[in-house]
Amino acid sequence: MLEISGLHAGYGAVSVLHGVDFTLHQGAFLGLLGANNAGKSTIINCLSGVVRPTSGHIRFEGRELTGLAPHKITDMGLIQVPEGRLIFPQMSVLDNLKLGGGTKRAIAKRSDEMERVFALFPRLSERHTQMAGTMSGGEQQMLAIGRGLMGQPKVLMLDEPSLGLSPLFSQIIFAALKKLHEDGLTILCVEQNLNLTLAYSTSGVVLERGVIAVEGSGPELRDHPITRRAYLGL
Amino acid sequence: MDLFLQALSQGILVGGTYALIALGMAVIFSVSGMLNFAHGDFLLIGMYLAYAVFLSLNLDPYLSVLITFPVMCLAGAGLYVFLLKRLGASHLLMAVQLTLGLSFIAQNTLLLTFGGEPIRVPSVVETDLLLVGNVIIRTPQLIAFFAALLLSAAFYATLNFTDAGRRVRAVQQQPRAAALIGINVPLVRTLTFALGIGVLAIAAVLIIPGTSMAPAHGLRWTVIALITVVLGGMTNFVGIFIGALLIGASESLATLYVSGTLGMIVPYALFIALVLFRPEGILKRT
């Protein structure tokens, strides 16, 4: 449902992606893996329209996405949960969630979706009046995912959801993602944490210096020499 | 005692209008991080527009706002789309320079068009007075205060309790995330600029009855708006409203009790003291 072909992108004179190709199929839970600076976040930001690719194509349900503004892409159902969570700190949990469900596609189902988010993360329900900025990192990550879900995503893209979280909270977050996947959501997850991601996702692609080095299922990737090279630089 | 009450009530009533002007500056600052140093000059443009409408259509300022408000909204949107947006968020100093430059352009254009003589625009209520005990209250100031209070309350409620207001706050707090959850960030910024400048058209007609205008007054209004916004804690609308009343009252009381030019210093001295001892603004919570 999401096809990326020949994607090149960079920042000013520095080019980061050198022709990335991969496909995200409906119902997949794909891990986009790689070391720091491999270009993972750049890919996800190209998909969201935050970074303009220098060349290449992104097709979502047959429609070309390159050149569209971020809010248009979100409104089509391709929704990113950004790195560092970026919740609205001086607003209540409830207001954060309401904002996530404010798009044309999602607004009619806003209260139903909020019930589902609260069922997935009961902690958010307990804290719904709290200022989002005063919550712990793990709770903020729950809120960021909840806010993304409120927009009725067809594909949910997450950028480093385990960043800065304790192992326990990371497990909780990934368990929630697995549940969403089992309920039919298509997920693209950018992660540095290889083992965690491969334990929950159905397949993965490993990015190395701006190109896809290897792709395959979890067990294939875990012990693949190229994966080890991509991570350890051996 | 009567004199004190007279000065206090006058200052508080004037403060209401200050609040409205400062709110315009604050909403613009909150969504774009830009301080509009031509704010007072835009207020004067609003006043002269009301004057021009009076000259050509013989309309009372209270009615001409129906014409000047949309015009000023368009000017605000244009200011953002054609000038400030192009600078980008990383050039704050350039935005300051640009708005300062606009201030000179606005001031001199008004000077060329209307001349430098102070002008008054007549209004139906201009000379009406109310007597409360021994305190004389000028009707236009009472109208201005309650109109400003109502508009500020409406601003506050919209911002805090509606979807549109939540979007504005989202853009203010985290523009990147706002775009990712489907908010059209440039549109929100354009509309906020339009409203922030548009509200000056309303403030203009509230000030006009009983006050004279001259092109050189712009900077004074900019300074009042600026210190009010800083006193209030930049984006705290309740703080800004209280700060405006404080500035108005101190200005009015100082001219009564401190002789001559020295009295005009008092609000600014108060401002400096507050910035030194409470840099976060008079109300802590934002």
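The contact between the chains takes 16 residues from chain B and 20 residues from chain A, where two residues are in contact if their C-beta atoms, placed from the backbone, lie within 7 Å. On the side of chain B that touches chain A, α6 (163–173) and α7 (175–180) of chain B are the elements that give two or more residues, and α6(B) gives the most, with six residues. The model is predicted: local features need pLDDT of at least 70 and side-chain atom pairs count only at pLDDT 80 or more, whereas totals for chains, interfaces and linings use all residues. Residues are numbered from 1 along each chain as its sequence is written, and chains are lettered from A and ligands numbered from 1 in the order in which they are written.

Helices (H or I, at least four residues) and strands (E, at least two) are DSSP runs, numbered from the N terminus. The axes of α9 (218–231) and α10 (237–257) of chain B, lines fitted to C-alpha atoms over the stretch in contact, with angles from 0 to 180 degrees between N-to-C directions, come within 8 Å and cross at roughly 130°. The contact is made by these residues:

| Helix | Residues in the contact |
|---|---|
| α9(B) | B:I224, B:I227, B:T228, B:V229, B:L231 |
| α10(B) | B:I240, B:G243, B:A244, B:L246, B:I247 |

In chain A, four strands form an open, antiparallel sheet in the order β2-β1-β4-β5, and two strands pair if DSSP finds at least two bridges between them. The edge strands, each pairing on one side only, are β2 (14–24) and β5 (63–64) of chain A. Strand β1 (2–11) of chain A pairs with β2(A) in the antiparallel sense over eight bridges, and A:T23 in β2(A) is the bridge partner of A:E3.
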